[in-house]
Amino acid sequence: MKKNKRFIAGDGKVLRGSFDRFTDQKTIQILSAFLTDSHIILAHEEIITKTNEIPIAQKLMSELGLSGYIFTLDALHCQEKTLQAAKDTGNEVIVQVKGNQKTLLSDCQNISETASPDAVYQEPLSKTRNRIERRNVEVFVSPTLTHDQKWKSVNALIKVQRFRRVFDTRSKTWKISDETSFYISTIVLSAQEFCQAIRNHWGIENRNHHVRDVTLGEDKSRIRINPHIFAKLRSFALNILRKNKVQNVSLELFNNCMDIDRLFNYVGIL
């Protein structure tokens, strides 16, 4: 993928321990903007309810003050205003299409079945532990959509077929898990670039959400007063570790506990 293309993954995460039954406080969510190449968390925004994530994402695009980036988002953000918000700030969007946009999803399915793709990429087979996986990506440029005015900023439709085989050690059999997903994009990329961008989007789950819950104990935290502030502090800590090329966060935290002077050697501390 070309170096001048940079991607920001946007995704919401629940702070599961932030609820308080005595004050009738529900769990709080945070929406993160995650730079997929460097794994740096650019920003957080607090969300009270799931439905409010949509305007918060649009607002975040503006408040980041960035241009020339490509935002990758899940199907919740497949909204006309979200695409327009990206365009207004000089950015682009790749967003998944699901049942919340039924007509658009139907268009994607029909186009992929009746038209020839403008570009195709088959990802090499990957084998990790008990899993075998590959993706096949098809790109349809300038698709004709039912509500063409509503989706006038859409310049490409992407079909992703994922083929997965997972070995069950108990039954000693391979479980088949194949799925097809559709995406729309305001920018035209190569099929390989789309494949990598969509795969990298889920790095926010593995490199951010998973680390926060398992290593930093965010899921178990029972901080209920301004829990989003402590979430930001965890982000600051992770950003410093990422800036210093730390790969194993859990081991690094253990080593820092054994030798506090290590902290003062980090870039970004002093």
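User: Helices (H or I, at least four residues) and strands (E, at least two) are DSSP runs, numbered from the N terminus. In a predicted model, between which strands does the loop with Asp-24 lie?

Analyst: The model is predicted. Asp-24 has a phi near 60°, a positive value in a residue other than glycine. The loop that holds Asp-24 lies between strand S1 (6-15) and strand S2.

User: Is Asp-24 buried or exposed?

Analyst: The cut-off for exposed is over 50% relative accessible area. Asp-24 has a relative accessible area of 66%, so Asp-24 is exposed.

User: How many bridges join S2 to S3?

Analyst: S2 and S3 form a hairpin with 4 residues between them, and His-39 in the turn has a positive phi of about 65°. One of the pairs is Leu-31 with its bridge partner Glu-45 in S3. The two strands run antiparallel, and the number of bridges joining S2 to S3 is 7.

User: How many of the 8 residues of S3 are buried?

Analyst: Buried means under 20% relative accessible area. S3 is largely enclosed by the rest of the structure, because the number of its 8 residues that are buried is 6.

User: Which residues of the largest nonpolar core touch the most other members?

Analyst: In soluble globular proteins, nonpolar side chains tend to be buried together. The largest nonpolar core here has 32 residues, and the members that touch the most others are Val-93, Val-97, Trp-151 and Ile-184.

User: Which strands each supply at least two residues of this core?

Analyst: Helices also contribute: H1 (53-63), H2 (80-88) and H3 (102-114) each give at least two residues of this core. The strands that do so are S2 (28-35), S3 (40-47), S4 (69-73), S5 (92-97) and S10 (173-185).

User: How many charged residues line the largest pocket?

Analyst: About 410 Å³ of space lies in the largest pocket. Its lining includes Arg-131, Glu-133, Arg-135, Arg-162, Arg-164, Arg-199 and Glu-205. With 1 nonpolar and 4 polar residues also in the lining, the number of charged residues is 7.

User: Which element gives the largest share of the lining of the second largest pocket?

Analyst: The second largest pocket has a volume of about 280 Å³. Of its 14 lining residues, those closest to its centre are His-39, Gly-203, Asn-206, Arg-207 and Arg-242. H5 and helix H7 (249-258) each supply at least two residues of this lining. The largest share, 4 residues, comes from H5.

User: Which residues is Pro-124 in contact with, leaving aside its neighbours within four places in sequence?

Analyst: Pro-124 is found in the loop between strand S6 (119-122) and S7. Its relative accessibility is 56%, so Pro-124 counts as exposed. Its C-alpha atom is separated by 41 Å from that of Ile-48, 76 residues apart along the chain. With sequence neighbours within four places left aside, the contacts of Pro-124 are Glu-133 and Arg-134.

Technical notes. Residues numbered from 1 in each chain as written. Predicted model: local features only at pLDDT ≥ 70, side-chain atom pairs only at ≥ 80, totals over all residues. Heavy atoms only, no water. Core = buried A, V, L, I, M, F, W, Y, C linked by side-chain atoms within 4.5 Å. Buried < 20%, exposed > 50% of the residue type's maximum accessible area, 1.4 Å probe, protein only. 1 Å grid on protein atoms, 1.4 Å probe; cavity = no way out; pocket = protein on both sides within 12 Å on 5 of 7 lines; lining within 4 Å. Points joined across faces, edges and corners; volume = space filled by probe spheres on them. Nonpolar A, V, L, I, M, F, W, Y, C, P; charged D, E, K, R; others polar. Contact = heavy atoms within 4.5 Å. Pairing = 2+ DSSP bridges.
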